[in-house]
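Here's a quick briefing on side-chain pairings and one chain-to-chain interface. Have the structure open while you read.

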Amino acid sequence: MSIIPNWLHRLSSPRNFYRFAGTVSDWCGWIALVLIAIGLYYGLVNSPPDYQQGDSARIMYIHVPAAWMSMFVYMVMAGAAAVGMIWRIKAASAFANASAPVGAMFTAMALATGMLWGKPMWGTYWVWDARLTSELILLFLYLGYMALQSAIEDRDTAARATAILALVGVVNIPIIHYSVEWWNTLHQGATVSKMDKPSIHISMLIPLLIMALAFKFYYFSNVLRRARCEVLEREKDKSWVQELVRGEQP
Amino acid sequence: MSGANLGTAFVSLLRRDLMLAYRHRAQMLNPLLFFVIVVSLFPLGLDPEPELLHAIAPGVIWVAALLAAMLSLDNMFRSDFDDGSLEQLLITPHPLPLLVLAKIVAHWLVSGLPLLLLAPLLGMLLNLGSENLLPLMATLALGTPVLSLIGSIGVALTVGLRGGGVLLSLLILPLFIPVLIFAANAVGNAGAGMDITGQLAFLGSLLALAFALAPLATAAALRISLN
Amino acid sequence: MSEFFHMGGYAFYVWSSYSLAAVLLLVSWIQPRLREKRLRRDIARRLRRSKR
């Protein structure tokens, strides 16, 4: 027990987690909203069109942050799942389980916007480009994780089994990425990856980074909301939950 | 625990699994039959033009091998789970990863090895030349053990679940992609007279990695699934 | 202003990307809120029933 810092230990009590998650979620949500507004202004209005791709390059300001998020969420999810499995912290497991749908959503967003960007750039919605292919495989990994989670009825067993799967995924993702990149350079040497710009102008970098930050805050806000539901469902027979809902109308 | 003791446990479990497989040999042959049928469907669905077949053969044979592996993997722990011997295995004093490895080796001997022996025949059906056949067998020799190793993790996670077979393929097939990419590419390149030691080295290192990690993950997954 | 919406001829791709992202973010935002509301109502109802 001494390995776990005291504040974390206190936080891991479901009741405290529930209250804490609500507050942090609201704050992160507001910050995300403000950042999205600023990012949209810079991305859509106050940045020059790309000298080659014109205004279609503005899709980058959601495509690239979404692609970053899809990887980031998987790593956070695996980390939280591992913490939940090793130290039996239920709040961490709830956090990991709540991350999967959000991560899948960002992956789907990266795929869809990538396709919409691909049409004007390549003349077709789908090209077996390394990044799109990797995103597709990542989506499969997320869906597999969610399928396993919903197939196991017992909550604790499900949390630990999905943790193993997430860790196996973490070991495999770099290998899959490397393989896909290698395969891509072999078969489509002519297609220049659209992200491989040697240098990106500062006026385009600003909205990109703002949107990336906004998505991170959105993710934390959203995932804490979802984790709250998990905690509530798990603890529905406890007295603190019953006190909480006392005043509620049927 | 003495080393000899561990070895005995490993060998006796391996022998037991092989014996069981031999008794149910008709059932063991089904994935192989599936492998042959799937491969022979492609010329019918496409065009039996020799050049086309030659071009798609490495990919087709490898995809069929992946699917056949999925089918046979489903049985890896199922019957042991049903008759309770899997639980017995968990409470033996021997380290579980080692026992799991014995089961994986047995699975590969029963499903991977026959695939390896059958593949040249299918390669000929798809117009692969002799320069492709040896690389095909080399990739299968390095790749199919990886399928058994990684697959065992998925089987351990889904053992005892209803509809586990479909779920298993959802979990495991994406993880097989690196094997597919490098193996199919090596076979294709060998036909073009290119050097394929890089691809084979990659497959070999995948095998080493899977060999080191998969039994541990499978053992952990089994303990979770069975409590 | 119309130039802004025109997006240099890429209006369809740009605006459908952004609106798709907006829809996804909104749906994901609403989902847990609806679920929590439903959950709390169910727990409250069960509590009332058990008291009777």
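Which side chain does D80(B) meet in a salt bridge? It's R16(B), at 3.1 Å from N to O, where a salt bridge is a side-chain nitrogen of Lys or Arg within 4 Å of a carboxyl oxygen of Asp or Glu.

Keep in mind that this is a predicted model, in which local features need pLDDT of at least 70 and side-chain atom pairs count only at pLDDT 80 or more, while totals for chains, interfaces and linings use all residues. Residues are numbered from 1 along each chain as its sequence is written, chains are lettered from A and ligands numbered from 1 in the order in which they are written, and side-chain values use heavy atoms, with hydrogens and water left out.

**Salt bridges**

- The D80(B)–R16(B) salt bridge links distant parts of the chain: D80(B) is in helix α4 (residues 78–82) of chain B and R16(B) in helix α1 (residues 3–23) of chain B, 64 residues apart. Helices here are DSSP runs (H or I, at least four residues), numbered from the N terminus.
- D80(B) is buried, with a relative accessible area of 3%, whereas R16(B) is partly exposed at 31%; buried means under 20% relative accessible area, exposed over 50%, and partly exposed in between (1.4 Å probe, protein chains only).
- Over all chains, a search of the whole structure turns up 17 salt bridges.
- One of them joins D55(A) and R58(A) at 2.9 Å, N to O, and both of these residues are buried.
- R40(C) and E36(C) form another, at 3.6 Å, N to O. They sit 4 residues apart in helix α2 (residues 11–51) of chain C, so about one helical turn separates them.
- R40(C) and E36(C) also belong to a salt-bridge network with D26(A), R225(A) and R228(A).

**Aromatic pairs**

- There are 18 aromatic pairs over all chains. To pair, rings of Phe, Tyr and Trp (its six-membered ring) need centres within 6.5 Å; planes under 30 degrees apart count as stacked, over 60 as edge-to-face and the rest as tilted.
- Y18(A) and W240(A) have ring centres 5.6 Å apart and planes at 55 degrees, so they're a tilted pair. Y18(A) is in helix α2 (residues 14–45) of chain A and W240(A) in helix α8 (residues 239–244) of chain A, so the pair ties together parts 222 residues apart in sequence.
- Y18(A) is buried at 4% relative accessibility, and W240(A) is buried at 12%.
- F95(A) and Y219(A) are edge-to-face, because their planes are at 80 degrees, with centres 6.4 Å apart. Both are buried.
- F72(A), F95(A), Y219(A) and F220(A) make up one aromatic cluster.

**Chain B against chain A**

- In all, 24 residues of chain B are in contact with 27 residues of chain A, contact meaning heavy atoms within 4.5 Å.
- The two chains bury about 2200 Å² between them, 83% of it on carbon and sulfur atoms; buried area is the accessible area (1.4 Å probe) that two parts lose on being put together, summed over both.
- L157(B), L175(B) and I224(B) supply 25% of the area chain B buries against chain A, more than any other three residues.
- The count of salt bridges between chain B and chain A is 0.

Definitions and conventions: Helix = DSSP H or I, 4+ residues; strand = E, 2+ residues; numbered from the N terminus.
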